[in-house]
Amino acid sequence: MDERELQARLAALRKELDGVDADLIELAGRRQELVSDIGRLKKCHGRQLRDFKREREVLDGVRRAAESRGLDPALAEDLFQRLIEASLTRQERERLQLARHGHGKRALVIGGAGRMGRWLAAFLDGQGFDVIVADPAVETDGASRFADWREAPADVAIIAVTAPLRVSAAILGELAQRTSNALVFDIGSLKSPLAPALRSAAEAGLRVCSVHPMFGPDTQLLSEKHVLLMDVGNAEAVEAARSLFADTLAEVVVIDLDEHDQLMAPVLGLSHALSIVFFTALADSGVPAERLARLSSTTFDRQLAIARGVAGESPDLYFEIQSLNRHGDGVREVLLQAVQTLIHAIESDDADAFRHLMARGKTYLSELE
Ligand SMILES: O=C(O)C(=O)C[C@]1(C(=O)O)C=C[C@@H](O)C=C1
């Protein structure tokens, strides 16, 4: 086969492949439409959104079909896992739209131009609320966007405070001076800087609670995601906030306000700190990034992906998470100790001590499963 014949044959095969790809997209679109119908039917009859048994049946079915077609069953399973995730994202969104909790009521998102503020604004908009955004970063239009939250309409059903922590505390303090029937909540990553303001707002009679969505602003599907709720002195507000997530797959967990930051010290503080230490050490290692980019190891790649996520986050928010948590010093101390213990085991050629570290970690982590 000469070069011209090769090019012609390649072009013909690729054209055929383009046709198959178009068919696959068409079929995926058809699948999504059916999934919407199923979602609506389940919603109308009060059925749960997610059906794990059915998912297993679908995945087992496509694995068998792939096998009999000479395809890798793992490929079929991966593909369909991704399709099912897309189904759930679509069904969750449509379920919220159908529920229309907002019924055209107004929700004010203070700090609504920030990343989590934008997420919350979109989430409430999806439930039928008319969302008003107040944020110094927006231009006031007198209707749905206000640079100063004090100028926004006061007759709203929800006031969500999504500003940086210190600013949020001041806003909650000001809100406590006003009378409002709205459900008020913050979404801060730490609660001790907000606790006094939250508690005095509840004492002043506001329907206030505290919310912590344990996920980032790019999250679409809330399956396997946690939302923490805290009672600050108004139990009804906690239930009202819970109902906002009722038609999602998020797992809502009510925890004690005072316990929150203690838990966040390892969950957020330690995990962020480790990534920062990892990319700082990497940058200081003297090995040029372009050399590392050509190498690949499973653990290194995973670690890089996590570090990249952390490096892309807001430095101001991440500094707040480290510096404003009064339980942070305990975790930093054990982090430093752990690094010293590891280095000591290696430098003193103590394989037993090293083995002990690994075994202890394995046992601890197995208990987390
Ligand atoms: O069969 C259903 O009940 C669906 O909603 C469809 C589907 C799927 O995409 O196959 C999606 C979500 C469910 O958890 C199970 C299966």
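## The ligand shell

The shell around the ligand is made up of 5 nonpolar, 1 polar and 4 charged residues (nonpolar means Ala, Val, Leu, Ile, Met, Phe, Trp, Tyr, Cys and Pro; charged means Asp, Glu, Lys and Arg; the others, Gly among them, are polar). You will find Val35, Ile38, Arg50, Asp51, Arg54, Glu55, Val58, Ile84, Ser87 and Leu88 surrounding the ligand, where a residue counts as near if its C-beta atom, placed from the backbone, lies within 6 Å. Helix 1 (3-44), helix 2 (52-68) and helix 3 (73-99) each give at least two residues to this shell.

Please keep in mind that this is a predicted model: local features need pLDDT of at least 70, side-chain atom pairs count only at pLDDT 80 or more, and totals for chains, interfaces and linings use all residues. Residues are numbered from 1 along each chain as its sequence is written.

## The protein as a whole

The protein has 13 helices and 8 strands; these are DSSP runs, numbered from the N terminus (helices: H or I, at least four residues; strands: E, at least two). Its C-alpha trace spans about 85 × 65 × 40 Å along the principal axes.

Of its 369 residues, 27% are buried, that is, with 20 or more other C-beta atoms within 10 Å of their own C-beta, the atoms being placed from the backbone.

The 8 strands of an open sheet follow the order 3-2-1-4-5-6-7-8, and their pairing is mixed (two strands pair if DSSP finds at least two bridges between them). Strand 3 (145-146) and strand 8 (251-255) are the edges, each with a single partner strand, so one side of each has no neighbour in the sheet.

Further in, strand 4 (residues 158-161) and strand 5 (residues 183-186) run parallel and are joined by 4 bridges. Here isoleucine 158 stands opposite leucine 183.

Helix 5 (residues 165-176) lies across strand 1 (106-110), strand 4 and strand 5, and runs at about 150 degrees to strand 4 (axes are lines fitted to C-alpha atoms, for helices over the stretch in contact, with angles from 0 to 180 degrees between N-to-C directions; contact means C-beta atoms, placed from the backbone, within 7 Å).

In helix 6 (residues 195-203), the buried residues are Ala195, Ala197, Leu198, Ala201 and Ala202. They lie on the same side of helix 6, because their arc around the axis is only 165 degrees, taken over the directions from the helix axis to the C-beta atoms. Their packing partners are helix 5, strand 5, strand 6 (207-213) and helix 8 (257-284). Just after helix 6, glycine 205 has a positive phi of about 100 degrees.

How values were computed
Contact = placed C-beta atoms within 7 Å. Buried ≥ 20, exposed ≤ 12 C-beta atoms within 10 Å, placed from the backbone.
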